[in-house]
Amino acid sequence: MANCRETIRELDAFLDDELPDDVRRHIHAHLGDCVDCHQAFDFQAELKLAIRRKCSNDEMPAGLLGRIEQCFDEDFDGDGIIGATDDDLTIEPT
């Protein structure tokens, strides 16, 4: 059974559906019984929606995706290169 500390620690992963099924069930059960954690859940869920609404039309700064890929050592944009940016592909005139 999840307690308040575990529930609060896992809220982001819970909201992003990134938890194993058994942990997810425990967190879900705890949220049903604990008013304080349920309020924290509601706040986190609303905050995620607000950030998504406010940032969904913003263009990503040049080079940000490349830096994120380098941090996670993963190719998020599917270009086959980790850390490549439009800046990296620009050929400077001589």
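Reply: Happy to! A residue is called buried under 20% relative accessible area, exposed over 50%, and partly exposed in between. Arg24, at 26% relative accessibility, is therefore partly exposed. Please keep in mind that this is a predicted model.

Arg24 has a partner: its side chain meets that of Asp17 in a salt bridge, with 3.5 Å from N to O. Asp17 has a relative accessibility of 53%, so Asp17 counts as exposed.

The count of salt bridges comes to four, and Asp17 with Arg24 is one of them. Another joins Lys48 to Asp16, where the closest N and O atoms are 3.1 Å apart. This pair links distant parts of the chain: Lys48 sits in helix α4, while Asp16 belongs to the loop between α2 (11-15) and α3 (21-33), and the two are 32 residues apart. Lys48 is partly exposed, at 31% relative accessible area, and Asp16 is partly exposed too, at 36%.

A further salt bridge is formed by Glu10 and Arg9, whose closest N and O atoms lie 3.7 Å apart. Glu10 has a relative accessible area of 19%, so Glu10 is buried, whereas Arg9 reaches 56% and counts as exposed.

Before you leave helix α4, look at Phe43, which lies in that helix, residues 35-55. Phe43 is exposed, with a relative accessible area of 54%. Together with Leu47 and Ile51, Phe43 makes a nonpolar surface patch of about 290 Å².

Note on methods
Residues numbered from 1 in each chain as written. Predicted model: local features only at pLDDT ≥ 70, side-chain atom pairs only at ≥ 80, totals over all residues. Heavy atoms only, no water. Patch = residues over 30% accessible without salt bridge, like charges linked within 9 Å, V, L, I, M, F, W, Y side chains within 5 Å. Areas by Shrake-Rupley, 256 points an atom, 1.4 Å probe, with all protein chains shown as cover. Helix = DSSP H or I, 4+ residues; strand = E, 2+ residues; numbered from the N terminus. Buried < 20%, exposed > 50% of the residue type's maximum accessible area, 1.4 Å probe, protein only.
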